[in-house]
Amino acid sequence: MRKYEVMYILRPELEQEALQAAVEKFQGIIQNGGEITKHDVMGKRRLAYEINKIRDGVFVLVNFTATPDVIAELERVMKISDEVIRYLITKDVA
C-alpha cells in the first residue's frame with residue numbers, strides 16, 4: 001500500500017447534508033481498501049479562476065494509504081460525481 005493525497009473541490013451551493021454525504025461517500029471508497037491518516041474539510045474558499053462560471057468551492061484534503069485499485073475506483077467515482085468541481089490525486093512522498 002502506498003501513501004496518497006487527494007484534494008477535491010465541491011460545489012458551493014450544496015446543502016450541509018449533501019456536502020456531508022459527498023464527503024462520507026468518498027471516505028467510504030477510500031476505507032474500502034485503504035486507511036485514512038488525515039482528513040481536513042478546509043471550508044468554502046474563492047477559486048483562483050472561474051470553473052464553469054463557479055467562483056467559490058468547498059475544499060477537502062485527505063491523506064491516506066491505499067492500493068492502486070482503490071485509486072482507480074475513487075477517480076472513476078469523482079469523474080462522474082456532479083458535486084465535484086475539480087480533484088487531484090497524488091502520491092505522497094513525505
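Mentor: Two helices and four strands make up the secondary structure of this protein, where helices (H or I, at least four residues) and strands (E, at least two) are DSSP runs numbered from the N terminus. Their order from the N terminus is β-α-β-β-α-β. This is a predicted model, in which local features need pLDDT of at least 70 and side-chain atom pairs count only at pLDDT 80 or more, while totals for chains, interfaces and linings use all residues. Residues are numbered from 1 along each chain as its sequence is written, and side-chain values use heavy atoms, leaving out hydrogens and water.

Of the 94 residues, 37% are buried, that is, under 20% relative accessible area with a 1.4 Å probe, protein chains only. A nonpolar core is a set of buried Ala, Val, Leu, Ile, Met, Phe, Trp, Tyr and Cys residues joined through side-chain atoms within 4.5 Å. The largest one has 21 residues, and those with the most contacts inside it are Tyr-8, Leu-10, Phe-26, Val-62, Phe-64 and Leu-74. Strand 1 (2-10), helix 1 (16-33), strand 3 (54-66) and helix 2 (68-80) each give two or more residues to this core. Helix 1 supplies the largest share, six residues.

Leaving aside neighbours within four places in sequence, Leu-10 is in contact (heavy atoms within 4.5 Å) with residues including Leu-19, Ala-22, Val-23, Phe-26, Val-58, Val-60 and Ile-85. Another core, of six residues, lies apart from the largest one and has Ile-51, Ile-54, Phe-59 and Ile-85 among its members. Across the protein, 71% of the contacts with a separation of 6 or more are between residues 24 or more positions apart.

Technical notes: Buried means under 20% relative accessible area, exposed over 50%, partly exposed in between (1.4 Å probe, protein chains only).
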